[in-house]
Amino acid sequence: MGRVIVLGSINVDLETKIDSYPNPGEKVVGESLQRYAGGKGANQAVAARARGVEVEMVGAVGDDDAGRASLNRLFAKGIKLRVERIPLVPTGHAIVFSDGRTNAIVVLPGANAKIGPSPLRPIHGLGPDDILLTQLETPADTVVDAVRYATKYGARVVLNLAPFAALPADVIEVADPLVVPAPDLAAFEALGVRPRSLVVLRGKDGLDWDGERIPGPVVPAGDVVDTVGATDALIGTLAAELVKGADRHAAAFAALSAAADNVRHHGAQPDPRL
C-alpha cells in the first residue's frame, strides 16, 4: 500500500462563536476564544492518518511556539514530517467566526507562503502506489511544481481547488479527482479544462463524482456543533481510502461519513486544542 503525501498549510485556528455575523461597521460579542490545530493541509493529513495509512506532511511553520505545538501534535499522530521551520516568520493562523451552522474565516498565511519551490524532492521512492494530496493555501507555483513532479513518477494526484484559483491546464488535467465546492463550480467550468475525474462537494446533499450523485449520512441540525474542517475531513479520508484501493463509491461514502462525524465536535480536527 502506498502513502498519502500531503502538501499544504499548517495553521493555528483562533475560533470564536457568535450569534450573528456583523454588518460593516457593526460590533458583535463572541462567546469565547479557542486555540485549535488547523490548516487545510494539516487537517487533511490528520484525517488520512486516522484511516490507518502512512502519511507524510510537507509544509512550513514559523520558528515559534505555535509551530512547535503544531509539529508535536502531528508527530504524535504518527505523521511523518517534512516541514520547514522558517525563522522570523510566524506560523500561519486562521481567525474563524462560527454561528454553529456556517463559518467565516480570515487566513493569515505566515510561513505557509514560504514553502520552498521544489517541495517533493526529499520524498524517496515516489511512485504509482502513492497519492499526492494538495490544496491552495500554499503558493500556487509550489503546488504546480509538486503536481508535475508527482505525475512524472506516476503518483496519483488528488487536488482540492480551494481557495479557488486558476492553475495551468496540465496540472488540472492530471487530477483524479479534482475536488471543488459547488459554489466554485461555475468559475472552474469557465476555465474550459477537464480533470481525469471531478468531485463537486454539495454539503449535506453529498457529492457528485463525474456527475453521479453520491449521498452521505444526514446529520440532524441539533447535532451540528461546528462545520469548520468538515470538508478537509472528507478530502483526507477520500485520499486515504483511494490509496488503500477502494473504489470511488466506497471511498466517497467513507469520506462523507467522516465529514458527518466532524461536524459533531468543535474544531477542524478531533481533540484539536493546542
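Reader: Are lysine 40 and aspartate 232 buried or exposed?

Author: Both lysine 40 and aspartate 232 are buried, where buried means under 20% relative accessible area, exposed over 50%, and partly exposed in between (1.4 Å probe, protein chains only). This is a predicted model, in which local features need pLDDT of at least 70 and side-chain atom pairs count only at pLDDT 80 or more, while totals for chains, interfaces and linings use all residues. Residues are numbered from 1 along each chain as its sequence is written, and side-chain values use heavy atoms, without hydrogens and water.

Reader: What does lysine 40 form with aspartate 232?

Author: Lysine 40 forms a salt bridge with aspartate 232, with the closest N and O atoms 3.3 Å apart; the term requires a side-chain nitrogen of Lys or Arg within 4 Å of a carboxyl oxygen of Asp or Glu. The pair links distant parts of the chain, 192 residues apart: lysine 40 is in helix α1 (residues 40–49) and aspartate 232 in helix α6. Helices here are DSSP runs of H or I with at least four residues, strands runs of E with at least two, numbered from the N terminus.

Reader: How many salt bridges does the structure hold?

Author: The structure holds 17 salt bridges. One of them joins aspartate 208 and arginine 202 (2.6 Å, N to O). Aspartate 208 counts as buried because its relative accessibility is 9%, whereas arginine 202 is partly exposed at 28%.

Reader: Which residues do arginine 248 and its salt bridge involve?

Author: The side chain of arginine 248 meets that of aspartate 210 at 3.2 Å, N to O.
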